[in-house]
Amino acid sequence: MINDFNLNDTVEMKKEHPCKKSKYWKVIRMGADIKIKCLGCGAVVMFPRHEFERKLKKIIEKAPQE
């Protein structure tokens, strides 16, 4: 299980978004639910944390820590 993701990280999910413009997503909200934004078309999807962790394939780029 991958659970070392943070806000503004770029991630890849197991399934590609139907827009076919990008397979990468940006984490834009974290809490009990995780909200991600498609980097291709800008669509926003929200998942419960356990479902997001199950569907996450890998972390592509970590956001710079401040």
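Colleague: What makes up the largest nonpolar core in this predicted model?

Modeller: Eleven residues: Phe5, Val11, Met13, Trp25, Val27, Ile34, Ile36, Cys38, Phe47, Phe52 and Leu56. A nonpolar core takes buried residues of set types, joined through side-chain atoms within 4.5 Å.

Colleague: Which strands each supply at least two residues of this core?

Modeller: S1 (10-13), S2 (24-29) and S3 (33-38). S3 gives the largest share, three residues.

Colleague: How many aromatic pairs does a search of the whole structure find?

Modeller: One. Phenylalanine 5 and phenylalanine 52 form it, with 5.0 Å centre to centre and 70 degrees between the planes.

Colleague: Why is this pair called edge-to-face?

Modeller: Ring centres must lie within 6.5 Å, and planes over 60 degrees apart count as edge-to-face. The values are 5.0 Å and 70 degrees, so the pair is edge-to-face.

Colleague: Where do the two partners sit in the chain?

Modeller: Phenylalanine 5 is in the segment before S1, and phenylalanine 52 is in helix H1 (residues 49-55). They are 47 residues apart, so the pair links distant parts of the chain. Both are buried.

Colleague: Why does serine 22 count as buried?

Modeller: Buried means under 20% relative accessible area. Serine 22 has 14%, so it counts as buried. This residue lies in the loop between S1 and S2.

Key
Residues numbered from 1 in each chain as written. Predicted model: local features only at pLDDT ≥ 70, side-chain atom pairs only at ≥ 80, totals over all residues. Heavy atoms only, no water. Buried < 20%, exposed > 50% of the residue type's maximum accessible area, 1.4 Å probe, protein only. Helix = DSSP H or I, 4+ residues; strand = E, 2+ residues; numbered from the N terminus. Phe/Tyr/Trp six-rings, centres within 6.5 Å; stacked < 30°, edge-to-face > 60°.
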